[in-house]
Amino acid sequence: MIILISTVLGPVKKEDLGVTLFHEHIVVNLFSADDQEKNYSTEEVVKYILPYLIEAKDKGCQTIVEATPLGLGRDLEVLVECSKKSGINIITCTGAWDGSNVRGKNVPKAIRESTIEEITAVWTKEFEEGIDDTGIKPGYIKLALGDEGEIFPLQEKLLRAAARTSKKTGKVIQCHIWEAFSLPKAVQIIEEEQLPYDRFIWVHADGQMDIEKILEFGKKGIWVEFDGIGAVEDFTKYPPAIRKLQEEKLLSQLLFGQDSGSYWIKEDEEEWPLRPYARFFKEFVPYCVKEGIDEELITKIITENSKRALSLSQNH
Ligand SMILES: [Zn+2]
């Protein structure tokens, strides 16, 4: 059976995703969701981003899971051009972002004021009919919550809507949770929603690298994403954690991303340098190999695991 995965240029066969980085950004807009205007041109972003995408492609990257939902700067026109010009598959998302301490700032008012069922309907429609009138379908659901050590009512509403959307569509939820302390509460909510554990990815699990929680919840069946690879100063925390997951036979639930990029739209003038997308291949893989991690394991994670996480609907 041919299984197709939605990218911004249309469906591709899951086998054609190849080497997939699971968490990158191309444009991020830090203005409030209801205050975002496109005060940049698609051309200038593409010109800025393209060399870094081409560098990653030359190093073997075939697919990028773009992790920026509506309200944080999702810009389909930019993603389409970047994909066309680089030859990299780009997968976009539905969902909403309420990470850090923004308290709803990046969640559009229409979503903030909707019920769980209304949000579920909006997100499900994007999977079924495409986003707005573009015909472009998302590949997964992105969320961010729990960074202040608790899950606020808005965040709980978003998580329940994501769980219900996932149950309707089969798509996986990538959930940013920096503060490991918030994970049990999030998982409790998805349990109440009776969502299968493998529909939930703990994004930024490597932020605090709380190995006890990683193992405890990994054993329940959730995915664990190590995605700070583009941002960390050094990689010392990774090989021991990868080995531990291997010992516990949990490597099949690990995903890799870098949180790299991006073209930043923000209020202050401070320069935020772009984090190159090729770092994974140029620095992280050689470092892990030097530390005794089998390169084949890494390849399997960025091909087989990524592909499985994106094609769950067909597995249930
Ligand atoms: Zn991110």
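Analyst: In this predicted model, helix 5 and helix 6 pack with their axes 9 Å apart and at an angle of about 45°. The two helices, helix 5 and helix 6, are therefore oblique to each other, since an angle counts as roughly parallel under 35 degrees and as roughly perpendicular from 65 to 115. The crossing in which helix 5 passes helix 6 is right-handed. On the side of helix 5, the contact is made by Glu-156, Leu-159, Arg-160 and Ala-163, and on the side of helix 6 by Ala-186, Ile-189 and Ile-190.

Helix 5 also meets helix 4. The axes of helix 4 (residues 116-129) and helix 5 come within 8 Å and cross at roughly 45°. Helix 4 and helix 5 are therefore oblique to each other, and their crossing is right-handed. Helix 4 brings Ile-116, Ile-119, Thr-120, Trp-123, Thr-124 and Phe-127 to this contact, while helix 5 brings Lys-157, Arg-160, Ala-161, Arg-164, Thr-165, Lys-168 and Thr-169.

Strand 8 (residues 140-144) and strand 9 are paired in the parallel sense through four bridges. Between them the chain passes through helix 5 (residues 153-169), and this β-α-β crossover from strand 8 to strand 9 is right-handed. Within the pairing, Lys-142 stands opposite Gln-174 of strand 9.

Strand 9 continues the pattern on the way to strand 10. A right-handed β-α-β unit is made by strand 9, helix 6 (residues 183-192) and strand 10. Strand 9 and strand 10 (residues 200-203) are parallel and share four bridges. Here Gln-174 stands opposite Ile-201 in strand 10.

Strand 10 and strand 11 (residues 223-226) pair in the parallel sense over two bridges, and Ile-201 stands opposite Trp-223 in strand 11.

These strands belong to an open sheet of six strands, in the order 7-8-9-10-11-12, with parallel pairing. Strand 7 (93-97) and strand 12 (254-256) are its edge strands, each of which pairs on one side only. Between neighbouring strands of this sheet the average turn is 20°, direction ignored.

Methods
Residues numbered from 1 in each chain as written. Predicted model: local features only at pLDDT ≥ 70, side-chain atom pairs only at ≥ 80, totals over all residues. Pairing = 2+ DSSP bridges. Right-handed = clockwise from strand over helix to strand, strands pointing away. Axes fitted to C-alpha atoms, helices over the stretch in contact; angles between N-to-C directions. Parallel < 35°, antiparallel > 145°, perpendicular 65-115°, else oblique. Left-handed = near helix turned anticlockwise from the far one by under 90°. Contact = placed C-beta atoms within 7 Å.
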